[in-house]
Amino acid sequence: MSTLAHTMMTPARPTDSGLTGPGEIDRYPYAEAPAPDRVGAPAWEGADPELARAGRRAAGSRGRGLHGQLVQQLGQMIVSGDLGADRPLVPEEIGQRFEVSRTVVRESLRVLEAKGLVSARPNVGTRVRPVSDWNLLDPDIIEWRAFGPQRDDQRRELSELRWTIEPLAARLAAGHGREDVQQRISDMVGIMGHALGQGDALTFSRADAEFHSLLIQIAGNRMLEHLSGIVSAALQVSGGPVTGCDRPNETTLAHHARIVDALAAGDGGAAEAAMRQLLTVHPEVERVVPAPREH
């Protein structure tokens, strides 16, 4: 299966992590819900081979709701380059190819327009916008880029962005967060430790994602808070640069625990240093900490 075909089958990220509240570690759902049954793909024919191919792939992912599926499919096609810049998108044609109503097409295009991927103008119609117009901080676009031809650039950029954002967030969060939120962050470390002992990488990664999202949210900087979705998306993108967060082990767990201790002590410097250690890639994978690149 090609990378693009695999991308078309990528399930949407859950909006709810499913993590338990304080003291409920043992009730954490350690298994994913079963995937919906797939249905056969109709054989479309027409003058637009790109849309026809995507339509066939779309049939395999029915079950998330037609609106969400169409946004996912069209978004991936645009980001992958299957639908290039200034390409016209005819709603009637999309509806026919994907066998969806005008309402579904219209609402899906509105979502893509909000993400900067398309523009709709009177007497011009809906067209694909150039990359320079995309909202590259949108979690969906981050995911679509990470599984498309731009995967290497996206993962490098995410790694560099996290290296910039998260140490600062850890410093700001030290001594400034509410006790209940700090307890929640501590609980995430407990869940990660439990998952590590059970060999449950999925639970570990979900708790890890919430740990980092909560940390940014209590930094007391509203602009940083808006970036928490980026960090969550970065943690959910598989195959990225190997950082401490990507390697569930006792060392990674210890770094998270040190961050929690520093937050409780109000030691911003220690929290920042622990975060930098956590985000530093391991030398055995022959990568280095993100650094300025020559142009």
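This is a predicted model: local features need pLDDT of at least 70, side-chain atom pairs count only at pLDDT 80 or more; totals for chains, interfaces and linings use all residues.
I started with Asp-86 and Arg-127, whose side chains meet in a salt bridge at 3.9 Å, N to O. The cut-off is 4 Å, so I kept the pair. Asp-86 sits in the loop between helix H3 (66–80) and strand E1 (88–89), and Arg-127 sits in strand E3 (residues 125–128), so the bridge ties together parts 41 residues apart in sequence.

Next I ran the search over the whole structure. It returned 13 salt bridges.

I then checked a pair within one helix. Arg-110 and Glu-107 form a salt bridge at 2.9 Å, N to O. They are three residues apart in helix H5 (residues 102–114), which means about one helical turn separates them. Arg-110 is partly exposed at 48% relative accessibility. Glu-107 is partly exposed as well, at 30%.

My next entry is Glu-272 with Arg-171. The closest N and O atoms of this salt bridge are 2.5 Å apart. Glu-272 belongs to helix H13 (residues 268–279) and Arg-171 to helix H7 (residues 151–173), so this pair links parts 101 residues apart in sequence. Is Glu-272 buried or exposed? I found 15% relative accessibility for Glu-272; buried means under 20%, so I logged Glu-272 as buried. Arg-171 has a relative accessible area of 41% and is partly exposed.

Last, I looked for linked bridges. Which residues are linked in a network of salt bridges? I wrote down Arg-145, Asp-153, Arg-156, Glu-157 and Glu-160.

Technical notes: Residues are numbered from 1 along each chain as its sequence is written. Side-chain values use heavy atoms; hydrogens and water are left out. Helices (H or I, at least four residues) and strands (E, at least two) are DSSP runs, numbered from the N terminus. Buried means under 20% relative accessible area, exposed over 50%, partly exposed in between (1.4 Å probe, protein chains only).
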